[in-house]
Amino acid sequence: AAAEKGGYSTYMEKEINEQPQAVGDTLLGRTDEQGRLTLDELRIDEDKLRQVDRITIVACGTAAYAGMVAKYAIEHWTRIPVEVSLAHEFRYCDPIVSDRTLVVSISQSGETMDTLMAVKHARELGALTISVCNTHGSTIPRESDAVLYTHAGPEIAVASTKAFLAQITACYVLGLYLAQLRGGSYADDAQQVLTELHDIPGKITELLDGMERVREIARFMADTRSVLFLGRNVGYPVAMEGALKLKELAYIHAEGFAAGELKHGPIALIEPGQPVFIVVPGPSTPHGLHGKVVSNIQEIRARGARTLVIAEHGDTAVEPFADEIIRVPSTSPMLAPLLTVVPLQVFALELSSAKGLDVDQPRNLAKSVTVE
Ligand code: G6P
């Protein structure tokens with residue numbers, strides 16, 4: 001078993017370290033010599049894809065957070081409205097679907113019953129269905145019109161890490177491809193982002209090499225009873241995923257919030273010593289979002305929160321208000337989740353081990369839930 005873990009003590013640690021490859025492999029072979037995306041593997045008539053006027057993403061758990069990241073990206077790049085529906089809600093909410101609706105399911109295993117039922121329902125209603133899936137020959141791709149495989153390799157640890165990054169990557173590819181099909185200025189933007197996407201695996205490697213301080217912080221926090229996570233825009237699903245990882249692995253109460261929502265309620269939870277992770281958008285993020293999140297850090301710090309700040313290299317604005325700063329390489333704002341989530345995964349893993357828990361097999365959870 002030690003050999004299977006490639007020298008790491010847990011599968012999860014191994015899988016976190018395989019993330020550069022998971023992202024790289026998911027991009028591999030999907031561009032031509034001109035650097036344009038080629039998704040012939042979908043075998044869907046391009047005109048049919050051009051006619052799509054609405055996208056619904058269906059997924060559960062971590063895959064649904066990948067879907068939330070995808071919503072921001074696909075809407076921004078294509079101007080097609082995207083909705084994310086938890087698969088178990090989708091089927092029972094009388095969903096609005098036409099033959100111009102694209103339903104994208106996201107599933108590592110391809111066997112999650114809730115997601116499968118959502119896909120079947122979508123097809124019955126006449127939607128075009130694409131499965132983003134990590135498992136060849138599994139049920140959901142078979143029941144879908146087309147499949148875009150993630151190439152994360154087998155994921156053994158119950159809590160998803162490398163599959164999450166691969167899912168986000170595949171959704172970016174899909175969004176950029178739809179933008180390319182639409183042509184014009186959409187296509188130009190897409191080309192630029194695609195170039196930056198190819199630099200991400202190297203940046204994850206760089207990030208993983210600098211995780212010692214995150215591990216230390218996690219070990220100091222083994223007795224913590226509650227951790228909050230704040231993020232905005234694509235950082236919001238990252239905050240949700242950071243909280244989910246901590247619940248799943250360390251059995252600690254954790255909640256993710258949209259940073260802008262803080263003043264509408266959650267700020268009441270802030271008391272001296274409350275640890276709060278803040279996922280800070282890069283300084284170049286449009287609409288001044290960086291400054292707004294820095295103000296949030298200032299507000300909670302003034303109320304005694306212990307601020308654990310995830311910020312880009314060179315972002316000095318966060319320094320006066322941060323108890324800890326975890327640095328990530330800079331990238332285009334939309335791609336940041338592939339970097340900012342990594343320290344949160346490492347944090348949950350390390351805290352779980354510090355508590356002596358079973359990292360790979362957390363209590364009450366299954367890798368794949370094949371019942372409704
Ligand atoms: C289970 C796992 C989660 C996973 C979810 C969706 O609940 O414990 O880690 O995110 O299923 O799994 P899927 O295979 O559909 O991505």
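Glutamine 192 is placed in helix H9, which covers residues 184–197. Helices (H or I, at least four residues) and strands (E, at least two) are DSSP runs, numbered from the N terminus. The structure is a predicted model, in which local features need pLDDT of at least 70, side-chain atom pairs count only at pLDDT 80 or more, and totals for chains, interfaces and linings use all residues. Residues are numbered from 1 along each chain as its sequence is written.

Glutamine 192 has 11 other C-beta atoms within 10 Å and is therefore exposed. The classes used here rest on C-beta atoms placed from the backbone: a residue is buried if 20 or more other C-beta atoms lie within 10 Å of its own, exposed if 12 or fewer, and partly exposed in between. In sequence, glutamine 192 and serine 332 are 140 residues apart, while their C-alpha atoms are 9.6 Å apart in space.

Helix H8 (residues 162–182) packs with H4 at an angle of about 20 degrees, the axes being 9 Å apart. H4 is therefore roughly parallel to H8. The crossing of these two helices, H4 and H8, is right-handed. Axes are lines fitted to C-alpha atoms, for helices over the stretch in contact, and angles run from 0 to 180 degrees between N-to-C directions. Angles under 35 degrees count as roughly parallel, over 145 as roughly antiparallel, 65 to 115 as roughly perpendicular and the rest as oblique. A crossing is left-handed if the near helix is turned anticlockwise from the far one by less than a right angle, and right-handed if clockwise.

H4 (residues 62–78) also meets helix H12 (residues 235–250), where the two axes come within 9 Å and cross at roughly 165 degrees. H4 and H12 are therefore roughly antiparallel to each other, and their crossing is left-handed. Lysine 247 is located in H12. With 17 other C-beta atoms within 10 Å, lysine 247 is partly exposed. Lysine 247 and alanine 322 are 75 residues apart in sequence, and 24 Å separates their C-alpha atoms.

The 21 residues of H8 should span 30 Å at 1.5 Å a residue, and this agrees with the 30 Å between its end C-alpha atoms. The expected span of a helix is 1.5 Å times one less than its number of residues. Of the 21 residues of H8, 19 are buried, so H8 is largely enclosed by the rest of the structure. Just after H8, glycine 183 adopts a positive phi of about 75 degrees.

Helix H14 (residues 337–354) contains 18 residues and reaches 26 Å from its first C-alpha to its last, close to the 26 Å expected at 1.5 Å a residue. H14 is mostly covered, with 17 of its 18 residues buried. Glutamine 345 belongs to H14 and is buried, with 27 other C-beta atoms within 10 Å. Along the chain, glutamine 345 and threonine 161 are 184 residues apart, yet 7.2 Å separates their C-alpha atoms. Just after H14, glycine 356 has a positive phi of about 75 degrees. Asparagine 364, in the segment after H14, has a positive phi of about 65 degrees although it is not a glycine. Asparagine 364 counts as exposed, with 6 C-beta neighbours inside 10 Å.

The loop between helix H2 (19–27) and helix H3 (46–50) holds leucine 37. Arginine 43 also lies in the loop between H2 and H3. Leucine 37 is buried, with 20 other C-beta atoms within 10 Å, whereas arginine 43 is exposed, with 9 other C-beta atoms within 10 Å. Arginine 43 is a residue other than glycine with a positive phi, near 50 degrees. Leucine 37 and arginine 91 are 54 residues apart along the chain, with 32 Å between their C-alpha atoms.

The ligand is surrounded by 17 residues, of which the closest are Gly61, Ser107, Gln108, Ser109 and Thr112. A residue is near a molecule or strand if its C-beta atom, placed from the backbone, lies within 6 Å of it. The shell around the ligand divides into seven nonpolar, nine polar and one charged residue. Ala, Val, Leu, Ile, Met, Phe, Trp, Tyr, Cys and Pro count as nonpolar, Asp, Glu, Lys and Arg as charged, and the others, Gly among them, as polar.
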